[in-house]
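Subject: Handing over the structure

Hello,

Here is the structure I promised to pass on to you. Please have a look at it first, and then read my notes below.

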Amino acid sequence: MSDRLNPNLEPMVFSGLYTVSKKMISFMEKAARVARTNASILVRGESGSGKELVARFIHEQSKRENKTFSAINCAALSRELMASELFGHRKGAFTGASHDRTGLLQLTDGGTLFLDEIAEMPLDIQAGLLRVLQDQCFTPLGSSEVIHTDIRLISATHESIRRRVSEGEFREDLMYRVRVVPLYLPPLIERDRDIEMLCWHFIDEFNSENDRRVHRISEDAYDALLQYRWPGNVRELRNVIEYAHAIGEGNKIEIADLPPELRGEAPPDEREETVEVLERERILEQLRMHNGHKQKVADALGISRATLWRKMKTLGI
Ligand SMILES: Nc1ncnc2c1ncn2[C@@H]1O[C@H](COP(=O)(O)OP(=O)(O)OP(=O)(O)O)[C@@H](O)[C@H]1O
């Protein structure tokens, strides 16, 4: 079998997002067009597909480029922490509030706020966000002061917000406010030649960070990389290349350097991994039982929603 060398595909770069795919380039051109307006944008895309990079690109292409860009992940924070991050609080507003804190809505005045996984935002915080979008004002926790703020909202979700509305978990009026311009970010698998280009892009990155110099990939490893579905998209691809770069030797990536899922095998039955596999199955089972409703799953497992989110990330769910 012959080895594969870098085909030197010349990517276009949009605020750190690399692509050679026509579909992606026209997606980014559309993003650049809507960047010039103040319209709220909702980016829908799979996990790890670059939604935050798209949001940064839109900010950098907008009139607000010299103002603040703030990002917050609604699924990774507890309700209390998210409320205080966004709205800020006055000293004594709740147990542990030992000093005043300025919220992101105020710190981002004039700039762009990126709300990742907005579908996970609790209903009471949604009410506060709606007020910001309608009246450009909000009230910090424990305060009666009304603060004015001018933010441009970009949100992202991997699931349908309309479905969350029908489940009674998302306000319909807010949905219309956040998805004035919906953008559908294609998954990595639909981006022509991006898997190939990004493999070499990340190999270059790890070549310059480490002592090892990789210049070739064996044919069977190459096929495995190109045929894999990549559910975790670019983040997963980068992790796989980092793993292969770290685990292998010499100047070639071999099939044995790729993680088991790329070789079509189940993960090895080692003790620590068995614990992870069991935990993964337990979470997946609860997700099925509760139709993907994360709060209910977290309650059933006796953990917080934020912990559930972290576990899902590390277990690749
Ligand atoms: N096209 C790309 N070129 C280079 N790096 C990329 C690209 N797309 C994503 N990445 C990298 O992959 C990682 C995930 O990207 P990002 O956080 O933007 O994805 P996301 O869709 O917001 O993820 P999540 O669903 O977890 O919120 C980041 O480290 C980012 O820099």
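Let me begin with overall size. For 317 residues, a compact globule would have a radius of gyration near 20 Å, and the protein agrees with that at 22 Å (the radius is taken over C-alpha atoms, and the globule rule is 2.2 Å times the number of residues to the power 0.38). Taken along the principal axes, the C-alpha atoms fill a box of roughly 70 × 45 × 40 Å.

Two notes on the source. This is a predicted model, in which local features need pLDDT of at least 70 and side-chain atom pairs count only at pLDDT 80 or more, while totals for chains, interfaces and linings use all residues. Residues are numbered from 1 along each chain as its sequence is written.

The protein has 13 helices and 14 strands (DSSP runs numbered from the N terminus, with helices being H or I of at least four residues and strands E of at least two). Of the 317 residues, 32% are buried, where buried means that 20 or more other C-beta atoms, placed from the backbone, lie within 10 Å of the residue's own. Among contacts between residues at least 6 apart in sequence, 73% join residues at least 24 apart; a contact needs C-beta atoms, placed from the backbone, within 7 Å.

Now to a helix pair. Helix H1 (residues 22-35) packs against helix H2 (residues 51-60) at an angle of about 45°, and their axes are 8 Å apart (axes are lines fitted to C-alpha atoms over the stretch in contact, and angles run from 0 to 180 degrees between N-to-C directions). That makes H1 oblique to H2, the class left over once angles under 35, over 145 and from 65 to 115 degrees are taken out. On the H1 side Met28, Ala31 and Ala35 meet Val54, Phe57 and Ile58 of H2.

Leaving aside residues up to four places away in sequence, Leu174 touches Gln126, Leu129 and Leu130.

Finally, look at helix H12 (residues 294-301), whose buried residues are Lys294, Val297 and Ala298. They cover an arc of only 100° around the axis, which puts them on the same side of H12 (the arc is that of the directions from the helix axis to the C-beta atoms). After H12 comes Gly302, with a positive phi near 70°.

Best wishes

Technical notes. Buried ≥ 20, exposed ≤ 12 C-beta atoms within 10 Å, placed from the backbone. Contact = placed C-beta atoms within 7 Å.
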